[in-house]
Amino acid sequence: MKAVMSNKSAIALYVLPALLLILIIIYIPLVLTGYYGMMDWKGFAPMKFIGLDNYNKLIHDSMFWKSTYHSVLLGICSTLSLLIYLAVSMVLASRIKGANLFRKIYLIPMLLSSVAIAQLWSKIYDPSNGMINHLLTSMGVQNPPLWLSDPNIVLFAIFVPIVWQYAGFYIIIYYAALKNVPEEVIEAATIDGATPWQVASRIKLPLIAPVFKVTIILALVGSLKYFDLIFVMTGGGPNHASEVMASYMYGEAFSKYNFGYGSAIGFALLLICLLMTWLIRKLTTSGEDVQY
């Protein structure tokens with residue numbers, strides 16, 4: 001084994017299949033998406049090379065920027081919701097009774113598909129027979145909101161099931177990180193007179209900061225790609241009020257059969273995700289990670 005590890009040719013031979021697989025599955029399709037974005041292609045007739053016309057059209061497309069704004073807004077809301085997940089994880093990690101049961105309850109939405117969750121919450125938001133409006137009416141509210149039909153609130157109505165769907169995922173990540181904080185450090189701080197808030201803010205949070213940075217990237221970049229749940233609940237409506245980049249790309253490519261422009265939107269989505277990832281890493285790597 002030592003002889004193999006000291007042989008660079010042997011190492012390259014072992015790594016080569018994995019590199020080829022990654023190249024074929026990930027990077028070549030990305031490059032092709034950018035290339036197809038320079039085509040005028042309806043799907044049936046031969047492709048026609050039009051250079052950067054689709055990308056130039058994209059820059060001046062108000063609907064694209066509107067869908068981008070919605071995606072970024074969802075990303076910001078998803079990032080802020082991490083604070084709720086973190087607070088719940090800290091409570092669960094503090095040895096309360098029934099913590100195991102609560103962890104399992106929070107994980108249940110992860111077992112459901114996005115389509116099932118979208119159907120479930122569409123029923124809950126139903127203006128006539130939905131649970132929420134029925135509750136509001138019983139409390140005396142005369143005109144309860146039309147959750148999925150009002151352009152002013154539809155995006156936030158969609159955000160609620162998104163928070164519900166991913167709660168278990170982030171809570172389990174934070175819970176595992178908090179459980180890895182050395183007990184002796186917490187006990188020493190407690191003996192020195194530190195309050196629970198000081199233990200949480202000055203010991204636990206700094207120690208799990210690297211995990212928090214990763215979850216910020218996951219939440220923000222993942223939000224930019226939301227599609228299935230939104231598409232099933234509203235289809236991007238009403239009047240494009242819940243249109244996001246992924247649903248706009250789908251509409252252009254598979255409803256209008258404008259595959260060239262749809263590819264340009266997809267490539268722009270990729271570039272925005274890469275930009276956001278770089279920006280987050282740049283903003284969160286200014287200080288050194290805390291170690292005890």
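Figure 1. On a 1 Å grid over the protein atoms alone, a pocket is an open set of points where a 1.4 Å probe fits, with protein on both sides within 12 Å along at least five of seven lines, and its lining residues have an atom within 4 Å of a point. A volume is the space filled by probe spheres set on the points, which are joined across faces, edges and corners. In this predicted model, local features need pLDDT of at least 70 and side-chain atom pairs pLDDT 80 or more, while totals for chains, interfaces and linings use all residues. Residues are numbered from 1 along each chain, and side-chain values use heavy atoms, without hydrogens and water. The largest pocket has a volume of about 230 Å³.

**Figure 2. Who lines the largest pocket?** Look for Ala 93, Ser 94, Arg 95, Leu 178, Lys 179, Val 181, Glu 183, Ile 186, Glu 187 and Lys 204. Helices H8 (154-179) and H9 (183-191) each give two or more residues, and H9 gives the most, with three; helices here are DSSP runs (H or I, at least four residues), numbered from the N terminus. The lining has four nonpolar, one polar and five charged residues (Ala, Val, Leu, Ile, Met, Phe, Trp, Tyr, Cys and Pro count as nonpolar; Asp, Glu, Lys and Arg as charged; the others, Gly among them, as polar).

**Figure 3. The second largest pocket.** This pocket holds about 160 Å³ of space. Of its 15 lining residues, Tyr 166, Leu 218, Gly 222, Ser 223 and Tyr 226 are the closest to its centre. H8, H11 (209-224) and H12 (228-233) each give two or more residues to the lining, with H8 giving the most, five. By class, 10 are nonpolar, four polar and one charged.
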